[in-house]
Amino acid sequence: MNDPGHQPSSSDPAAVTASNPAPTTSAPSKPKASVAGRDERITYRGPLRRWLISPEIGAFIGTVVVWAFLWGNGQTFGTSGTTLNWLDVAAPYGIMATAVALLMIGGEFDLSAGVMTGATAMIIGLVSRFFMGEGVHIAWAVLVAFAAAAAIGWFNGYLVIRTGLPSFIITLASFFVLRGLMLVLSKRLASKVYVDQITDQRGAKGFKNWIAHEWRLTDFGWRDPIFLTCVVIGVSLFIYGVLEQAFARRGSLSTTGLGVAALGSVGTLAGFAALHRTDGVSANVIVGGATALAVAVAVVGIGLSRWEHRAEDGRRAALPRDALLRVGLGIAGVALACLLPIPFDRNERRAVLTWTTSGLRPVLAIAAGLIGVILSARSVRRGLGERVRAAGMLKLVLFSLYAGLMVMGVALSLLQLTTVQAMRAIGMLLLGSAGVALILNARGIAGKADRRWHLVIGVLASAALVVIGLVSRADASATRFRVVLPTALVLGAALVLANSVLEYLLVKRTIAVPGPDRLSRRLQVAGVLLIVIGSAIRLLFTNFTPAQAAARRAADQPVPQNVLRETVLWWLLVAGIGAYVLAKTKWGNWVFAVGGNRDAARAVGVPADNVKIGLFVVVALCGALAGTLIALRYGTVQANQGIGLEFEFIIAAVVGGCLMTGGYGSVIGASLGAAILAMSTTGFQTVAGWNADGRFAFLGGVLLVAVLVNTYVRKKAAEAR
Amino acid sequence: MNTTQNSTHNSAENSDTPLLELRSISKHFGNVIALEDISTSVQASEVTCVLGDNGAGKSTFIKILSGLHRASSGEYLIDGAPVSFDSPRDARARGIATVYQDLAMAPLMSVWRNFFLGAEPMRNGVVMKSSEMRQTAKDEMAKMGIDVRDIDQPVGTLSGGERQSVAIARAVFYGARVLILDEPTSALGVRQSGVVLRYVRAAAERGLGVVFITHNPHHAYPVGDRFLLLNRGRSLGDFTKSEIGRDELTRLMAGGAELDALEHELATR
């Protein structure tokens, strides 16, 4: 594998270079460039900024949008029970998407990946029931399935390497062979097109308990306090990290700043205490607003205490036209979002639905399509850069039309069976967020000319968020729109306000400084981790206190239970290992290299063929894992199990940012892609009145948008450096 | 990292024995004579330029040097001792590194990942020492005078000259004593070529012997110490810099006697 002569020996390369004095250095070396990460030509990118140009960003945005969309529309989506449901659906997808993504990064495809999950499940069923007449212990069956999978994976890889044929063709052949064998064997041995009673076989119960355990999670009264604490601390750490990264530190702490921070913190605490006691709409709104203001004051105070204050620069300029235009459009968008509830009245569902049937529905769909066209044209043109040539224009037009059609298709499919609530939520979400985004965009443009405009427009953006929050609160009936969304929006407004004030008052840092940068990175990561842990607890448990649960049991009422299946943990484990191997080990390096430039990889001693064959085996083994979990979970395997799933795995990987031609991609992104697939499957079922088949139109749209975002990001990643 | 240390020692001590020497090398493929009676040498800290037009035998010459082919006759000496390579791996083990024209780089991978590709320093045999790798890659390239702004940037975003430079720096770091550069400037513009030529010189000044293959005498002359001219598999001569001027080199490359004959022919018409 490794060429010993080529390896630089196992000793530490840094020590080597130190002990290896360069004879002469007449080359024009610039001394300041010698320390990695301290180059004055590079502005520091925090984890947030760097992550914004990472391959998985499209999938992340997609996950958030889909989640928010379903959360806003589904009656039950977003509660702990449904979250565990879609995680359970996502897990086999996620396991396979991880492996398929690795293979795609390595430059190959495997069309037998889907049927592999079914075939291995079938092998387990058949061997455990019929081998040697009466079947064998299930552990042997699983072992046989894994061995068979490894052999098929190796054979796929070996053929691809030896013949040099496209992996599409080779694995398509395997796909058909497996598909045929599954049917033939199941009919021959089980006399049916399915094998059932797998979990009744010898050892199956114990094995299932071990491999595919199900935990019933109930009764955790502390759920919400823990969730809130984690989120509050996490967000605070994150904000502090962002401040540390954005601004230049001052020599000593500013007492004024500390005073302001103390004032803000006391105000925040008092506000929360008051909120807890107040009742009634106006009191809640007033106290909530005051609390948010206190939060902003606290953040500003902390900012002032530690970072360098800015001197007056005396630059004055009129508001640039660009910024003015954007502010105008942004305000219009927000205003429309706020006016939207008027025609779509929630109390008159039927009435509204009838007047949409009479010709308004196509009009609405076409309008949605046009918005899609305009938005995609804008983004594509920006992606193409300033010089839009004839060929570029054609591409632009085609892309826009396609995107428009997609959006229209989604709109139509939704309009057919949607509720008025859903329409309003979509409209408000789109218009409101577009409006605020435009205003924030204007803030950046105007701030370059005169920082006072930055402050003014920032205050405006924050006000817009508050207005949307108030409208949502006043209008909606569901708790999520009455409480959760307005609270989030108002807190967001507070942060935007604080950010605008701080950028006005403090000196921005443009160069990398190792100490604060390291601190910033750690704080941001710790903050995100806390938020994730808090959210996980929130989503895993029901919030019945033991007392409530006992009372329900005593009254013979069912106590809601959440089922966490081990499958989900297997997914996390596989994705975690995959991501780690890809980022941190030499095998990951080799996977990127064989996908990016196979000849180059081979020339420097990477065992390219073995890496590729290994990746095929990994895909097959992950298929066997997924197959085992499926067999144990349902106890029945259909002969067509898994057929067609290979494309969904590929979609998950592509949505996750993997380049179809290899050499670039992300395992985390693929897992997020799997989450999107699963959410749209289960989510559409939770929304009453929605046709579950609408998910295909929806998925098409998601795939297109994610790929567009990914392409754009990749371009940015390449030029931003 | 014994090879690196030895290489610098050796080159300092025995400066009169050439690092690499070829004596009357010939290569026949069946009845095709690819190379016939080629002799030259590569000294430490010197650049030996191999010049020749298309079909002159440059690629065969590289393949013999890098161990891909074995010479049909003649002697291949390293440090004065004859060697016989079975594979490029053997040649690499003896410190002969070849940087091919198409470069051994994956364009979407970062500079540091490319720099260590195939020889990643590992902790416990599993985890890459990524921060050290970043630092080392940056330092090594700085030593060569290559100033990479961001070691995390994908190699594909570097210019052609910078990419060549990364490949050269990598070969130097991995203990190369003799660096064989296959037409490193052929695909580059004027300025980019200048960048690469500077690194060729920098590599020589770090004590390496450099074999610089090119068809462009204007690129060869400023950096070269010794010039081997090939034409249709035969040597037109092996000159030191003091023996040949730029004009003569250009004339020989441009066809030399044949060109004279052509000129004569055109003049008499």
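Predicted model: local features only at pLDDT ≥ 70, side-chain atom pairs only at ≥ 80, totals over all residues.
**Chain A overall**
- Chain A runs to 721 residues, and 45% of them count as buried.
- Take the contacts in chain A with a separation of 6 or more: 82% of them join residues 24 or more positions apart.

- In soluble globular proteins, nonpolar side chains tend to be buried together.
- The largest nonpolar core here has 190 residues, and A:Val100, A:Ala653, B:Leu179 and B:Ala203 have the most contacts inside it.
- Helix 24 of chain A (residues 608-634) gives this core its largest share, at 17 residues.
- There's also a second, separate core of 59 residues, with A:Ala261, A:Val299, A:Ile439 and A:Leu530 among them.
- Back to B:Leu179: leaving aside neighbours within four places in sequence, its contacts include B:Ala97, B:Val99, B:Ile168 and B:Ala203.

**A closer look at A:Met660**
- You'll find A:Met660 in the loop between helix 25 (645-655) and helix 26 (667-686) of chain A.
- A:Met660 is partly exposed because 13 other C-beta atoms lie within 10 Å, while a buried residue would need 20 or more.
- Beyond its neighbours within four places in sequence, A:Met660 is in contact with A:Met104 and A:Val654.
- A:Ile650 is ten residues from A:Met660 in sequence, and the two are 9.2 Å apart in space, C-alpha to C-alpha.

Notes:
Residues numbered from 1 in each chain as written. Chains lettered and ligands numbered in written order. Core = buried A, V, L, I, M, F, W, Y, C linked by C-beta atoms within 7 Å. Buried ≥ 20, exposed ≤ 12 C-beta atoms within 10 Å, placed from the backbone. Helix = DSSP H or I, 4+ residues; strand = E, 2+ residues; numbered from the N terminus. Contact = placed C-beta atoms within 7 Å.
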